[in-house]
Amino acid sequence: MKTIALLGGMTPDVTALYYNIINEHIRAQLGQRHSAKIYIYSVNLEEQLQRVQEGKWDEFAAEYISAVQPLASLEQPRVQGVALGAIIAHKVSKQIADALPPVVPFLDVTEFVAKELRRLGITTVGLIGPAVTMTDDSPDFFIGKLKARHGITVLVPDTDAEIQEVNRGMFQEVVRGPAAVTEQTRTMFKEAAWRLVGRGAGALILGSTDLGFVIQEQDLPGVPVLDAAKVHAVGLAEWSITE
């Protein structure tokens, strides 16, 4: 079994979700006495959110790099792969990947989501999440990778007002935990998702690993909902037990 370094969350809810799903999948595949070989680094959510809001991405990346480099040293790596448990944190995925030795791969959430979309035969998807995830289509970030590497068309809310309202729901409510999300905000997310379906999205990607606590498949009948956290965690478990 390969050992994973999981750079957490960013919320503690998602860090725990990843840990539990990875172990549940390994138990289901190998038996109840098996469990994941995993290091977890959990960040201070408030500090990382401040860096996001202030655009201090180098500091944001350094928080993770300083934690993972001792585990992935070229001389004697203690992990065989590194994963980030937050889509927004993949804004700095290239910096983290570049800080790792060649023998330790970065296990990018984008690749696992793209694999699931290929399995479903879907090439046009909708995405809701933090504003930076919805609007930054640079080639090293989530939407840009889906487009450039996998030919997937990604639809996001088409007005600045709607993007900012979704972003408000993310940063003022979702990051505080599922209990903090009001029914009004849940409805707003679902209405935004249905508008994307109306524009041609064949599935919805939850563009934050926390959104799976708020939106489920039953909220969009007939539309596949890709919970990136669950897709990623199952993929990490499979990767860890595959030779």
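A residue counts as buried when its relative accessible area is under 20%, as exposed when over 50%, and as partly exposed in between, using a 1.4 Å probe and protein chains only. With that in hand, let us walk through this structure, which is a predicted model: local features need pLDDT of at least 70, side-chain atom pairs count only at pLDDT 80 or more, and totals for chains, interfaces and linings use all residues. Residues are numbered from 1 along each chain as its sequence is written, and side-chain values use heavy atoms, with hydrogens and water left out.

Let us begin with a buried pair. Asp108 has a relative accessible area of 6% and is buried, and Lys145 is buried too, at 4%. Their side chains meet in a salt bridge, 2.3 Å from N to O; the term stands for a side-chain nitrogen of Lys or Arg within 4 Å of a carboxyl oxygen of Asp or Glu. Lys145 sits in helix H7 and Asp108 in the loop between H4 and helix H5 (109–120), so the pair links distant parts of the chain, 37 residues apart. Helices (H or I, at least four residues) and strands (E, at least two) are DSSP runs, numbered from the N terminus.

By the same rule, the count comes to 13 salt bridges. One of them joins Lys94 to Asp98, with the closest N and O atoms 2.8 Å apart. These two are four residues apart in helix H4 (residues 93–98), about one helical turn. Here Lys94 is partly exposed at 43%, and Asp98 is exposed at 53%.

Now turn to helices H2 (residues 45–53) and H3 (residues 57–68), whose axes come within 8 Å and cross at roughly 150 degrees. Axes are lines fitted to C-alpha atoms, for helices over the stretch in contact, and angles run from 0 to 180 degrees between N-to-C directions.

Finally, look for the open sheet of four strands, ordered S5-S4-S6-S7 with parallel pairing. Two strands pair if DSSP finds at least two bridges between them. Strands S5 (153–155) and S7 (225–227) stand at the edges with a single partner strand each, so one side of each has no neighbour in the sheet.
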